[in-house]
Amino acid sequence: MKIEIVGSFLPSDTLYEARNDFNKGIIDSSSLKNAEDEAVAELVERQLNLGLAQVTSGELRRNHWDKDFWFGLTGISVERLETGRIYQNVESGSDLMRVSGRIGFNPAHPFFDDMRFLKSRVGSRAVCLQCIPSPCDMYLEILLQRDDELQKIYPVREDLLHDIATAYNLTLHEFHRLGCRSVQFDDTACGRLCQDNFTKRLLQGGFDLIALHSDFISLLNDSFAGLPRDMKTSLYLSGGDMIVPEWEYIEYPDNIMPKVLRGVNADKFYLPLELGNDYQLEILRHLPQGKKAVLGLVNAHSPFPEPLEMIHHAAALGARYVSPENLSVSPRTGFKLTDHIDRGLTYESQWQKLSELKASMSQELIQG
């Protein structure tokens, strides 16, 4: 059984120091870019040495996993909030996304330069994988802002959906032109709709959950529509801060996940799961035949190894619903994490985790 990655990696100490020096004004943007290029080049070789079929640039150039992509689209502006308590009880700064005009494709999006460099380093040795935040996350983020200016720009909800999907779709076509052959949407919006507390807040705010489900699925499919046949698509379904969604396979109107697995036209679905919770694997019942599933079984935010027997057990259960050739295992999340030092994680921790996972799956194949 193959192993896969979610996409993000911790930066090396060298890049970490270079970014700190840049923020302090010690080095310029050109020096920072050189450090990023060197870090991505090293990352590519480490991934290839591990035998990964898909290789990413690790999101090493990003400040935010999601907003950096949105900031690169037209019609989006950045509002810097230097002080305040944003989702936490300490003073902090944050870059806020604002809709300042009609959202559209930007042919000069900075992510394109990143893909060009990645392709130049990978060549034909592997598939270049591009991970970007889900259009559903962008849509939900905009809706939750309740911005009066938004009503002036988008008095009709369908126009907002259309513009987001079109901007994403054109961006994916450009990634393909640059040599990318696999794209992954990192989605927390669908997973958050599995949380009772979050959906209760939405209902109290006047949101129609069933309509939101339909909007999400249409938005994903419209963003993926019409791509070249050799461009593979995948959807990573996270629960946001909780990481693992509250998987519930029983169908009822408020349960979005069966609708997503059956209705989204993606080739592959990344599903973060809790080891030992066999019930969560029942969600695979809703995956159409021929679709691929990646079981996220390894805690990327902990330096400690997982019990191999539990990984093998979960993989075996997954194979009851998905044919083994369409089933893979991966870490539960990407490795990039702001407080990685506090958690005892280092640059080498991520490679140790992936090496252990690769060895465990090789052992599972031998035993099988």
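Which residues does asparagine 326 touch, not counting residues up to four places away in sequence? This tour of a predicted model begins with that selection.

**First stop: asparagine 326**

Select asparagine 326 in the loop between α12 (308–318) and β10 (327–331). Its contacts, leaving aside residues up to four places away in sequence, are Gly290, Lys291, Lys292 and Ala293. Asparagine 326 counts as buried, because its relative accessibility is 15% and the limit for a buried residue is under 20%.

**Second stop: leucine 60**

Proceed to leucine 60, which is placed in the loop between β2 (54–55) and α3 (67–71). Leucine 60 is also a buried residue, with a relative accessible area of 4%. Display its contacts, again not counting residues up to four places away in sequence: Phe9, Leu10, Pro11, Leu15, Arg19, Ala39, Val40, Leu43 and Lys336. One of these, valine 40, lies 20 residues from leucine 60 along the chain, and the C-alpha atoms of the two are separated by 7.2 Å.

Select glutamate 141 in helix α5. Is this residue buried or partly exposed? Glutamate 141 counts as partly exposed, at 28% relative accessibility. Beyond residues up to four places away in sequence, glutamate 141 touches Trp70 and Met97.

Next, select residues 196–204, which form helix α9. Colour Phe198, Thr199 and Leu202, the buried residues of this helix. Why do they lie on the same side of α9? They do so because they cover an arc of only 95° around the axis. An α-helix has 3.6 residues a turn, so residues three or four places apart point the same way.

Now turn to the face of α9 that points away from the buried side; there the exposed residues Asp196, Asn197, Arg201 and Gln204 can be found. On the buried side, the packing partners are α5 (135–145), α8 (189–192) and α10 (209–224). After α9 comes glycine 206, which has a positive phi, near 90°.

Select the cysteines. How many disulfides does the structure hold? The number is zero. Cysteine 136 is in no disulfide, and the nearest cysteine sulfur, that of cysteine 190, is 4.7 Å away. Cysteine 136 is buried, at a relative accessible area of 0%. Cysteine 180 is likewise in no disulfide, the nearest cysteine sulfur being that of cysteine 128, 6.8 Å away. Cysteine 180 counts as buried, with 0% relative accessibility.

Rolling a probe the size of a water molecule over the atoms shows where empty space is left. The count of cavities of 30 Å³ or more comes to two.

The largest cavity has a volume of about 70 Å³. To locate it, select its lining: Gly7, Thr56, Ser57, Gly58, Glu59, Arg62, Asp114, Leu118, Leu129, Gln130 and Cys131. At least two residues of this lining come from each of α4 (110–122) and β5, and β5 gives the most, with three residues. By class, the lining of the largest cavity consists of three nonpolar, five polar and three charged residues.

The second largest cavity has a volume of about 50 Å³. Its lining is made of Leu273, Glu274, Leu275, Gly276, Asn277, Asp278, Gln280, Leu281, Leu297 and Ala314. Five of these residues are nonpolar, three are polar and two are charged.

**Last stop: the second largest pocket**

Finish at the second largest pocket, which holds about 500 Å³ of space. Select Lys2, Glu4, Ala53, Gln54 and Lys268, the closest to its centre among the 27 residues that line the pocket. Two or more lining residues are given by each of β1 (2–3), β5 (127–133), β7 (232–237), β8 (268–272) and α13 (347–367). Which element supplies the largest share of the lining of the second largest pocket? That share, four residues, comes from α13. Colouring by class shows 11 nonpolar, seven polar and nine charged residues in the lining of this pocket.

Conventions:
Residues are numbered from 1 along each chain as its sequence is written. This is a predicted model: local features need pLDDT of at least 70, side-chain atom pairs count only at pLDDT 80 or more; totals for chains, interfaces and linings use all residues. Side-chain values use heavy atoms; hydrogens and water are left out. On a 1 Å grid over the protein atoms alone, a cavity is a set of points where a 1.4 Å probe fits but cannot get out, and a pocket is an open set with protein on both sides within 12 Å along at least five of seven lines; lining residues have an atom within 4 Å of a point. Grid points are joined across faces, edges and corners, and a volume is the space filled by probe spheres set on the points. Ala, Val, Leu, Ile, Met, Phe, Trp, Tyr, Cys and Pro count as nonpolar, Asp, Glu, Lys and Arg as charged, and the others, Gly among them, as polar. A disulfide is a pair of cysteine sulfur atoms within 2.5 Å. Buried means under 20% relative accessible area, exposed over 50%, partly exposed in between (1.4 Å probe, protein chains only). The arc is that of the directions from the helix axis to the C-beta atoms. Contact means heavy atoms within 4.5 Å.
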